[in-house]
Amino acid sequence: MSERLRPRDLALLAEETPTTPAHNATVEIFECAESGFDHDRLVELIRDRISFVPRYRQRLQQVPGRVANPVWVDDEHFDIGYHVRRSALPRPGTQDQLRELVGRIVSRPLDRSRPLWEMYLVEGLAGGRVALLSKAHQVLVDGVDTVDLGQLLLDVTAEPKVLGGDEWMPRRRPSTAAMLAEAARDSLTDPRTALDTARGTTGSLLRAAETTAGTAGRVVGGLAGRRPQRAGALGGPLSQQRRVVTVETRLQDYRKVRDVHGGTVNDVILATITGGLRAWLMTRDESLRGFRRIRAVVPVSVIDTELEATSLGSQIAAHYVDLPVGEASPVVRLHQVSYSFQAHKETGRGVAANRLAGIAGFAPTTFHAIGSRLAAREVRRGYQLSVTNVPGPQSALYAAGARMVASYPVHPLVQGHPLAVGVTSYDGGVYYGLTADRDQLPDADLLGTCITEALDELLDTVNGGRPRARRGRRATGGRTGAATSGTPRRPARPSGSSS
């Protein structure tokens, strides 16, 4: 019996267009001089562990007549050589060259006639390093039935464990008659199947109508000589090309700021992003007009029995925060971000960052995959930016004996949102991955520089370069500070954030 695609996954497929490929990506950097980590060893490692994620050897099969949602079937022609590819940069490859290559690869949609994932081993980096770029479709990794394959490739020691790959034989693809009979049986025995099919079909038609209407409106406007309204730096139609920016910082810097000003590392990271956005916007024609605050959706880890369980030991929910880019003081920005999580703290559903990072076998890639699915689902609620910050393990991880020294998330873009931010903390580092539309944001590299400078600005307040902003209300007169009392209080610690 085949497993049927769920309605929310069907919605993700229906909303995917050439300008919005719906796959997550991760760029991991490895030191491989002593381990001999190369393409052959990567293929061997995947063969050994892919049996733990059977979905990675399955593809989607449409039901004739679309009388039911598509089903997952084994790919009878599964070819690991197609999915695990070898690439190289001219030695010694620079970070800029790697980012350019990654941008081009993540711009290409995955082939829906095959299992929905690819991996690229990129050789030639300076210092004898290699990069592993992985792509997986949002419908493939849901954190419930399937975790990210990258989560299974990493070991906690340099001595790789042999888990024992299976002698896989694909099940024969069901015939047309069998798929129709199975769809009829599912509809009779489970009324939800018919309802899901109806919802999926209706939703697809509505999304197609919305796309057609939007295209027609642009054509009519063009013929009439009307120019489209500018949506600003964080809005507008997307192209088919992406630009990827990476930023590497040190976790100890965020902890320094936290220890002096309170809050959490997550708060400091969001305040750093806010300061980076502020500086970046001020370099553009828009300046800060209309950007006093930027509405961001931040996936957080919660304990909620009404939400779907995940392999992370908790559920993932959307938390909305207004990033105060109009505020000049870096410390006031930090306090405002910190207190925006107070309501979430008071729900009692939060999951501490150290608990999340301590889950056995946890890797940030699965959380990032779930976070991007959540951002796609929440897009109609009108946010301007998605930011997913994942606390990873603070000890080294290895792939076939090669030590991973950096991990950059690359999130997909949703329609009308030319920028997405992913952050992973790992082994003493905090790694930013900025995904930007290549045409809409040609200055995305500058945003990466601004984020680094925003962190330096916060560090200046710790090292005495800037005065600390007064927290709380003054006893007599004056402006109201970020807190609600004269006594400093440590703000809420958001779920799923670094502590």
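**Helix α9 against helix α10.** Axes are lines fitted to C-alpha atoms, for helices over the stretch in contact, and the angle between two of them is taken between their N-to-C directions, on a scale from 0 to 180 degrees. In this predicted model, helix α9, which covers residues 265–282, packs against helix α10, which covers residues 330–340, at an angle of about 130°, and their axes are 9 Å apart. Angles over 145 degrees would count as roughly antiparallel and those from 65 to 115 as roughly perpendicular, and α9 and α10 are therefore oblique to each other. The crossing in which α9 passes α10 is right-handed. On the α9 side the contact is made by Asp267, Val268, Leu270, Ala271, Thr274, Gly275 and Arg278, and on the α10 side by Arg333, Leu334, Val337 and Ser338.

**Helix α8 against helix α14.** Two packed helices are described by the angle between their axes and the distance between the axes. For helix α8 (residues 251–261) and helix α14 (residues 444–463), the axes come within 9 Å and cross at roughly 45°, and that angle makes α8 oblique to α14. Here α8 passes α14 in a left-handed crossing. The contact involves Asp253, Tyr254, Lys256, Val257, Val260 and His261 from α8, together with Leu455, Leu458, Leu459, Thr461 and Val462 from α14. The residues of the contact of α8 with α14 divide into seven nonpolar, two polar and two charged.

**Strand β7 and its two partners.** Strands of a sheet pair through backbone hydrogen bonds, either parallel or antiparallel. Strand β7 spans residues 129–137, and eight of its nine residues are buried, so the strand is largely enclosed by the rest of the structure. Strand β2 (residues 23–31) runs antiparallel to β7 and is joined to it by nine bridges, with Asn24 standing opposite Ala136 of β7. Strand β6 (residues 117–125) also runs antiparallel to β7, and six bridges join these two strands; Tyr120 has Leu133 of β7 as its bridge partner. The hairpin of β6 and β7 has three residues between the strands, and within this hairpin Gly127 takes a positive phi near 80°.

Strand β13, made of residues 402–410, is mostly covered, with eight of its nine residues buried. The pairing of β2 with β13 is antiparallel and extends over seven bridges, and in it Thr26 has Pro409 of β13 as its bridge partner. Strand β12 (residues 398–399) pairs with β13 in the antiparallel sense as well, over two bridges, and the bridge partner of Tyr398 in β13 is Arg403. In the hairpin of β12 and β13, where two residues lie between the strands, Ala400 takes a positive phi near 50°.

**The open sheet of β1, β4 and β3.** Three strands form this open sheet, in the order β1-β4-β3, and their pairing is antiparallel. The edge strands are β1 (3–4) and β3 (58–61), each of which pairs on one side only. Strand β3 and strand β4 (residues 71–74) run antiparallel and are joined by four bridges, and in this pairing Gln58 stands opposite Asp74 in β4.

Terms used:
Residues numbered from 1 in each chain as written. Predicted model: local features only at pLDDT ≥ 70, side-chain atom pairs only at ≥ 80, totals over all residues. Heavy atoms only, no water. Parallel < 35°, antiparallel > 145°, perpendicular 65-115°, else oblique. Left-handed = near helix turned anticlockwise from the far one by under 90°. Contact = heavy atoms within 4.5 Å. Nonpolar A, V, L, I, M, F, W, Y, C, P; charged D, E, K, R; others polar. Pairing = 2+ DSSP bridges. Buried < 20%, exposed > 50% of the residue type's maximum accessible area, 1.4 Å probe, protein only.
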